[in-house]
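Subject: Structure handover

Hi,

Here is the structure I promised to pass on to you. Please have a look, and my notes follow just below.

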Amino acid sequence: MSAPTWLPLEANPEVMTKFVNSLGMKQSWQFGDVYGLDPDMLSMVPRPVCAVLLLFPITEKYEAFKQEEEERLKSQGQELSPGVYFMRQTIGNACGTIGLIHAVANNLAHLEFESDSVLKKFVDLTCKMSPQERGVFLETDESIRVTHESSAQEGQTEAPSIDEKVNLHFIAFVNVGGQLYELDGRKPFPILHGKTTEDTLLEDASEVCKTFMARDPQEVRFTIIALSKESY
């Protein structure tokens, strides 16, 4: 049986904010564009920031790096916090929604939810599951799937067909226990990038984003989005 495929989500902060609000997250936090990675541009982003999303192209260089990274970390190991919420991607084109879930599920102490929030219920129901089980459980969540589909059709650009191959991918960066984690549902585990704080998360995540860009210097298809407390 082939894996299910969803329509890809556009890297549009307004669409993303509406998406999580539709699933019961209150509007006290919103997604917004990060227009550049130099200090002046980062200073324009409302604070505090509790998560950073990166949309980037999957290239041959990136895939080679990803394979090397996985083998290296499996060999040397990582000291990962048990408090990190991580899920695998088992649904085609669902990386946008999984990025949003990673951003939200690792910030429950900061974010606020309606009492009947579908998103909060999903996190609560899956908190004891393995990353693979969480990915499979998402396949059965009709409320999130329907909201994803409607959000995917709301962007400024026409949504590609469900069968069209999309080589852009969303990942999330979050602070858990003072450590910066990269959460990518295509990888078998979270990637630990060292220490961070609530005040420096955006800057620290930006430094990792720069390494993605440096790996493919001819590419321009990078988008960075922050989840901030203040309204945009």
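By a nonpolar core I mean a set of buried Ala, Val, Leu, Ile, Met, Phe, Trp, Tyr and Cys residues joined through side-chain atoms within 4.5 Å. Please keep in mind that this is a predicted model.

Let me start with the cores. The largest nonpolar core holds 45 residues, and the members that touch the most others are M25, F31, L100, L111, L138 and L227.

Leaving aside residues up to four places away in sequence, L227 touches M25, W29, Q30, F31, P48, V49, C50, A51, A103 and L111. There is also a second, separate core of 21 residues, with A205, V208, F212 and I224 among them.

Now to a helix pair. The axes of α1 and α7 lie 10 Å apart, and the two helices pack at an angle of about 155 degrees. Angles over 145 degrees count as roughly antiparallel, so α1 is roughly antiparallel to α7. Their crossing is right-handed.

Which residues meet there? On the α1 side they are V15, F19 and S22, and on the α7 side I144, T147, H148 and S151. This contact is made by 3 nonpolar and 4 polar residues, with no charged ones.

Happy browsing!

Note on methods:
Residues are numbered from 1 along each chain as its sequence is written. This is a predicted model: local features need pLDDT of at least 70, side-chain atom pairs count only at pLDDT 80 or more; totals for chains, interfaces and linings use all residues. Side-chain values use heavy atoms; hydrogens and water are left out. Buried means under 20% relative accessible area, exposed over 50%, partly exposed in between (1.4 Å probe, protein chains only). Contact means heavy atoms within 4.5 Å. Axes are lines fitted to C-alpha atoms, for helices over the stretch in contact, and angles run from 0 to 180 degrees between N-to-C directions. Helices (H or I, at least four residues) and strands (E, at least two) are DSSP runs, numbered from the N terminus. Angles under 35 degrees count as roughly parallel, over 145 as roughly antiparallel, 65 to 115 as roughly perpendicular and the rest as oblique. A crossing is left-handed if the near helix is turned anticlockwise from the far one by less than a right angle, and right-handed if clockwise. Ala, Val, Leu, Ile, Met, Phe, Trp, Tyr, Cys and Pro count as nonpolar, Asp, Glu, Lys and Arg as charged, and the others, Gly among them, as polar.
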